[in-house]
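Let's walk through this fold together, from its strands to its cores. Take a moment to turn the model around before reading on.

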Amino acid sequence: MDWIRLTKSGKDLTGLKGRLIEVTEEELKKHNKKDDCWICIRGFVYNVSPYMEYHPGGEDELMRAAGSDGTELFDQVHRWVNYESMLKECLVGRMAIKPAVLKGKLWCL
């Protein structure tokens with residue numbers, strides 16, 4: 001209940017003052033500390049730092065995915081959890097689509 005209260009408080013839980021950004025892999029990797037922890041789940045990036053103390057599995061469990069794509073780990077532990085609703089106030093943005101070169105042609109993946 002305390003987490004729900006915090007998400008409804010109007011406090012900026014993203015650290016970005018309500019802006020959504022496109023996050024590169026390089027940027028995501030920089031946010032890998034308990035007080036600055038971003039995690040990607042299914043292409044969406046969340047600042048989970050404010051959620052650390054509320055996570056039932058503890059901080060160490062969240063830190064396993066710090067600064068990276070935590071989709072696989074998330075699915076192993078609790079695929080049934082509605083993270084979109086629970087973390088919507090922590091949404092930083094989407095992962096950037098990186099271009100790829102295939103046989104000399106530029107494609108977007």
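Helices (H or I, at least four residues) and strands (E, at least two) are DSSP runs, numbered from the N terminus. This is a predicted model, in which local features need pLDDT of at least 70 and side-chain atom pairs count only at pLDDT 80 or more, while totals for chains, interfaces and linings use all residues. Residues are numbered from 1 along each chain as its sequence is written, and side-chain values use heavy atoms, with hydrogens and water left out.

With that in hand, start with the overall plan. The protein chain has 5 helices and 8 strands, and from the N terminus on the elements run α-β-α-β-β-β-α-β-α-α-β-β-β. Of its 109 residues, 37% count as buried, a word that here stands for under 20% relative accessible area, with exposed meaning over 50% and partly exposed in between (1.4 Å probe, protein chains only). Contact means heavy atoms within 4.5 Å. Among the contacts in the protein chain with a separation of 6 or more, residues 24 or more positions apart account for 64%.

The aromatic residues come next. Rings of Phe, Tyr and Trp (its six-membered ring) pair if their centres lie within 6.5 Å; planes under 30 degrees apart count as stacked, over 60 as edge-to-face and the rest as tilted. The structure holds 4 aromatic pairs. In one of them, the rings of tryptophan 3 and tyrosine 51 have centres 4.9 Å apart and planes at 65°, so this pair is edge-to-face. Because tryptophan 3 lies in helix H1 (residues 2–7) and tyrosine 51 in the loop between S4 and helix H3 (59–63), the pair ties together parts that are 48 residues apart in sequence. Both tryptophan 3 and tyrosine 51 are buried. Tyrosine 46 and tyrosine 83 form an edge-to-face pair as well, at 6.0 Å centre to centre and with 90° between the planes. Tyrosine 46 belongs to strand S4 and tyrosine 83 to helix H5 (residues 83–86), so this pair links parts that are 37 residues apart in sequence. Tyrosine 46 is buried at a relative accessible area of 4%, and tyrosine 83 counts as buried at 5%. Trp3, Tyr51 and Tyr54 form one aromatic cluster.

A nonpolar core is a set of buried Ala, Val, Leu, Ile, Met, Phe, Trp, Tyr and Cys residues joined through side-chain atoms within 4.5 Å. The largest has 19 residues, and Trp3, Ile39, Val48 and Leu87 have the most contacts inside it. H1, S3 and helix H4 (71–78) each supply at least two residues of this core, and S3 gives the most, with 3 residues. Apart from this core lies another, of 8 residues, among them Val23, Trp38, Cys40 and Met95. Leucine 87 touches Trp3, Tyr46, Val48 and Tyr51, not counting residues up to four places away in sequence.

Finally, turn to helix H4. Which of its residues are buried? They are Thr71, Leu73, Phe74 and His78. Seen down the axis of H4, these residues fall within an arc of 160° (taken from the directions from the helix axis to the C-beta atoms), so they line one face of the helix. The face turned away from that buried side carries the exposed residues Glu72 and Gln76. The buried residues of H4 pack against S3, H3, strand S5 (68–69) and H5.
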